[in-house]
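Hi,

Here is the structure I promised to pass on. My notes on pockets, surface and charge pairs follow below it.

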Amino acid sequence: MKKTANSTTPTPTIEELLQRLEMLEKQNAELEAKLKKQSALEAKLKWTEEQLRLLQKNRFGFSSEKTNPDQLELFNEVENEANPDLPEPTLESITYQRRRKVRGQRELMLENLPVETIEYRLSPEEQVCSCCGGNLHEMSTQVRQELKYIPAELKVVKHVQSIYSCRHCEREEIETPVVTAPMPKPVHSGSLASPSLMAHIMNQKYVDGTPLYRQEKQFSRLGYRYHAKPLPIG
């Protein structure tokens, strides 16, 4: 004889029943509010349609026709159907801020850049009035500004250090002193990198986040043909 296991569902507690009851009451209240709102909208639509029909009838119908007194109640249908206990709808106010244009903002952006001024003037032969033939004078100027981009370039700087000796001592076979002109030391011994190039490579890598292989391509486009070493820093 087979035994059947009794599957019993757990009995909900009082707290769970109260929570369910509260949730159902909340859902019921929301449904009632939606139904009331829908009823008010339907009544308003019906009133609008009837008002439109009356207006069309008064406009295109005979002037001797009179309105049925019972139809006047249609204008009070919304008030009769509306529920004064319903809360007013929540209005959402939206505000925005408009950035005010600051005078002189362009001058502030350009104040740290070098300025190159190009003047356009008439030659003395051209400063003649076309009407009377008199001399023209400069009454004002107008200025237009633009940003000019100067591409980077690589150039070879050869440091030629002169070495000096004494000819008299050489002729007399005396110990000849050798004097070397002072010259700044390189950043890295045996490297092609100048201080400016080394600073540029470090700034590109650690400030702008440009990898070394991308800098290699940039230097290649500028004319530096590297072979064994990727960058002139070693």
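The second largest pocket has a volume of about 1000 Å³. By pocket I mean an open set of points on a 1 Å grid over the protein atoms alone, where a 1.4 Å probe fits, with protein on both sides within 12 Å along at least five of seven lines; lining residues have an atom within 4 Å of a point. Points are joined across faces, edges and corners, and the volume is the space filled by probe spheres set on them.

Before going further: this is a predicted model, with local features needing pLDDT of at least 70 and side-chain atom pairs pLDDT 80 or more, while totals for chains, interfaces and linings use all residues. Residues are numbered from 1 along each chain as its sequence is written, and side-chain values use heavy atoms, without hydrogens and water.

Back to that second pocket: 28 residues line it, with Lys-155, Leu-192, Ala-193, Ser-194 and Leu-197 nearest its centre. Helices H5 (195-206) and H6 (212-221) each supply at least two lining residues, and H5 gives the largest share, four. (Helices are DSSP runs of H or I, at least four residues, and strands are runs of E, at least two, numbered from the N terminus.) The lining splits into 18 nonpolar, seven polar and three charged residues. Here Ala, Val, Leu, Ile, Met, Phe, Trp, Tyr, Cys and Pro count as nonpolar, Asp, Glu, Lys and Arg as charged, and the others, Gly among them, as polar.

The largest pocket holds about 1300 Å³. Its lining has 26 residues, and Glu-116, Thr-117, Ile-118, Val-143 and Arg-144 sit nearest the centre. By class that lining comes to eleven nonpolar, seven polar and eight charged.

Now the charge pairs. There are five salt bridges (a side-chain nitrogen of Lys or Arg within 4 Å of a carboxyl oxygen of Asp or Glu). Arg-53 and Glu-50 form one at 2.2 Å, N to O; both lie in helix H1, three residues apart, about one turn. Arg-53 is partly exposed at 36% relative accessible area, whereas Glu-50 is buried at 19%. The cut-offs are under 20% for buried, over 50% for exposed and partly exposed in between, with a 1.4 Å probe and protein chains only.

Another bridge joins Glu-138 and Arg-121, with the closest N and O atoms 2.7 Å apart. Both residues lie in the loop between helix H3 (105-110) and strand S1 (163-165), so the pair ties together parts 17 residues apart in sequence. Glu-138 and Arg-121 are both exposed, and together with Glu-119 they are linked in a salt-bridge network.

Cheers
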